[in-house]
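Student: I am new to this structure. Please take one part and walk me through it closely, step by step.

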Amino acid sequence: MKTKIEKIDRMQIDEAIMEEAGQIIKQGGLVAFPTETVYGLGANALDEEAARKTYTAKGRPSDNPLIVHIAEKSALEEIVEELPEETKALTDRFWPGPLTLILKKNARVPYGTTGGLDTVAVRMPDDPIALELIRRGGGYVSAPSANTSGRPSPTTAQHVAEDLDGKIDMILDGGNVNIGVESTIVDMTSTPPMILRPGAVTKEMLEEVIGEVETDRTLLSENSPQAPKAPGMKYRHYAPKAQMILIEGFPSDTVLAIKQLAYDKAVFGRKGNGEPYRIGIIATAETMSQYTYGTVKSIGSRENRRTITKNLYGILREFDEEGVDIIYSEGFFGEAIDAAIMNRLLKAAGHKRIPASEILKLQTYRKIIFVSKDDNCRGPMAERLFQRQTLLQEYDIESRGMIVLFPEPMNPKAEEIMRRNEVDISEHEALAFEEKDITPDTLILTMEKAQKRKIITEYGFHPNIFTLNEYIDEEKEVESMYGKSLEEYEAGYLELEIYMRKLARKLNTEAKEKWEEYI
Ligand code: TXA
Ligand code: MG
């Protein structure tokens with residue numbers, strides 16, 4: 001089958017194309033079209049055979065009922081047995097819009113459309129192209145999301161074409177959708193009404209209009225023995241090809257935990273075939289610059305959750321294209337819409353989630369600062385040598401000096417020694433130690449007792465401040481090389497290298513012990 005793809009301008013809808021699309025629907029064909037939530041795969045909802053075609057094109061199990069889309073509120077009573085009290089209040093407030101209502105169906109709706117159920121899901125979408133298609137297609141258009149079953153829902157016509165080109169008659173291309181996650185589904189046949197799928201119309205918004213609303217418990221827990229009330233919710237759709245893990249917690253904790261996991265996977269993880277893992281990270285505009293490993297994509301801004309719903313499925317598709325093996329995603333909580341966001345992310349992750357706090361516990365220090373007198377010789381040498389160590393955890397590794405009045409360059413002899421050992425340190429500029437460098441997750445290692453004493457005298461005692469030799473159980477401090485011969489610098493370098501190896505071993509041993517306790 002050749003799939004016709006037609007661009008439609010919402011501001012100036014092409015009548016001829018819409019009429020053609022409407023005719024296709026009336027004759028039992030399939031037309032994909034934009035709605036404000038996601039693209040739908042439209043068919044005549046009152047035609048059993050059209051429903052069968054829909055299931056075939058999507059590769060979707062036929063026990064999974066379809067939503068009937070209407071273009072007039074008054075069309076609702078034509079296909080349902082009865083209208084429960086609160087229905088009118090809801091349709092008045094939220095239609096056209098991202099809200100689907102489940103009601104008792106009447107005989108006009110075939111069982112093929114409802115997957116054998118006596119209830120029917122109905123919604124009036126808020127998109128002029130969708131409404132025009134429904135009107136011209138006979139008034140009742142069934143439309144599941146226009147993706148192949150198991151793929152993320154489509155939010156552009158391009159996504160639809162990726163999945164369904166050659167399998168359907170037409171795609172109406174109306175550009176990007178506005179919301180990006182599917183409609184909220186509310187079962188009006190139970191008392192109180194029950195949310196079967198969270199969406200842009202939140203529980204809070206519904207309750208403002210009709211009072212108490214329940215949420216299907218099976219949506220909340222991962223291993224509920226009960227089947228969800230919306231048959232579609234039991235399938236692991238929205239699934240990216242990669243394994244996905246959701247990290248939950250405060251945003252700042254989440255970032256640190258994902259950094260830890262990504263570092264471990266990137267540096268030490270190997271796939272069955274010996275290749276390194278390709279790592280994807282779902283970050284936000286606010287956090288994306290903080291990651292150091294993996295392919296990092298922003299799903300939107302935490303300040304504006306609408307940007308997140310909008311990009312959600314597109315991001316999952318992008319990661320599919322890039323062939324990542326594992327995706328770590330930040331989690332969202334705190335706003336009403338987060339129920340919808342987390343529902344989709346958790347489904348994509350097959351409900352694999354880890355609290356950030358569990359991961360954070362495994363790492364004591366995230367930053368190591370080597371402190372010398374003037375930060376132009378021993379400190380920066382230690383910093384560079386330590387960066388070369390194999391470390392089980394990721395650290396920011398820096399150096400500071402106690403007496404630095406201006407950014408002094410590196411000591412030339414130290415620079416020469418480092419060059420001989422293939423480390424270019426010529427760019428180094430000395431930095432002064434400041435009170436703000438003392439934080440709960442920073443390990444501060446001074447070259448001599450003198451610097452430790454100075455820090456404590458100036459800023460007070462802190463348990464993370466040690467002399468380097470004390471921390472690694474060595475007798476000898478790292479003495480200043482200033483004014484000594486090149487040979488003595490070389491000896492100093494060798495000593496530092498041994499110290500750095502010992503330091504790495506100590507931190508790695510601690511990391512391993514914690515990790516083994518955890519697993
Ligand atoms: O935003 C949306 O609702 C989009 C756009 C295209 O309108 N459509 C959509 O359809 O998401 P679909 O087929 O991907 O999801 C429909 C969901 C499924 O989980 C299905 O099980 C549930 O609605 N559903 C449909 N009829 C139902 C019924 N009678 N009782 C319970 N759940 C029902
Ligand atoms: Mg779907």
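Tutor: Start with Lys413, which counts as partly exposed because its relative accessibility is 32%. For that label, the value has to fall between the cut-offs of 20% for buried and 50% for exposed. Keep in mind that this is a predicted model.

Now place the residue. Lys413 belongs to helix 13, a helix that covers residues 412–420. Look next at what surrounds Lys413. Leaving out residues up to four places away in sequence, Lys413 touches Lys484, Ser485, Leu486 and Tyr489. With Lys484 there is a further detail. A polar atom of the Lys413 side chain lies 2.7 Å from the backbone oxygen of Lys484. Cys377 and Lys413 are 36 residues apart along the chain. Their C-alpha atoms are separated by 8.5 Å.

Step back to the helices. The partner here is helix 16, made of residues 486–518. The axes of helix 13 and helix 16 come within 10 Å. They cross at roughly 60 degrees. The two helices are therefore oblique to each other. The crossing of helix 13 and helix 16 is right-handed.

Which residues make the contact between helix 13 and helix 16? From helix 13 come Lys413, Ala414, Glu416, Ile417, Met418 and Arg420. From helix 16 come Leu486, Tyr489, Glu490 and Tyr493. So Lys413 is one of the residues in this contact, because the contact is defined by heavy atoms within 4.5 Å. By type, the contact has 6 nonpolar residues, 4 charged and no polar ones. Lys413 is among the charged ones, since Lys counts as charged.

For contrast, turn to two buried residues. Thr155 sits in the loop between strand 7 (141–142) and helix 6 (157–164). Thr155 is buried because its relative accessible area is 6%. Beyond its neighbours within four places in sequence, Thr155 is in contact with residues including Val38, Tyr39, Asn176, Lys310 and Tyr313.

Ala130 lies in helix 5, residues 128–136. Ala130 is also buried, with a relative accessible area of 0%. Setting aside residues up to four places away, Ala130 touches Phe33, Pro34, Thr35 and Pro125. Ala130 and Pro251 are 37 Å apart in space, C-alpha to C-alpha. In sequence, Ala130 and Pro251 are 121 residues apart.

Methods: Residues are numbered from 1 along each chain as its sequence is written. Chains are lettered from A and ligands numbered from 1 in the order in which they are written. This is a predicted model: local features need pLDDT of at least 70, side-chain atom pairs count only at pLDDT 80 or more; totals for chains, interfaces and linings use all residues. Side-chain values use heavy atoms; hydrogens and water are left out. Axes are lines fitted to C-alpha atoms, for helices over the stretch in contact, and angles run from 0 to 180 degrees between N-to-C directions. Helices (H or I, at least four residues) and strands (E, at least two) are DSSP runs, numbered from the N terminus. Angles under 35 degrees count as roughly parallel, over 145 as roughly antiparallel, 65 to 115 as roughly perpendicular and the rest as oblique. A crossing is left-handed if the near helix is turned anticlockwise from the far one by less than a right angle, and right-handed if clockwise. Buried means under 20% relative accessible area, exposed over 50%, partly exposed in between (1.4 Å probe, protein chains only). A polar contact is a pair of N or O atoms within 3.5 Å; within protein, one must be able to donate a hydrogen and the other to accept it, and residues adjacent in sequence count only if both atoms are side-chain atoms.
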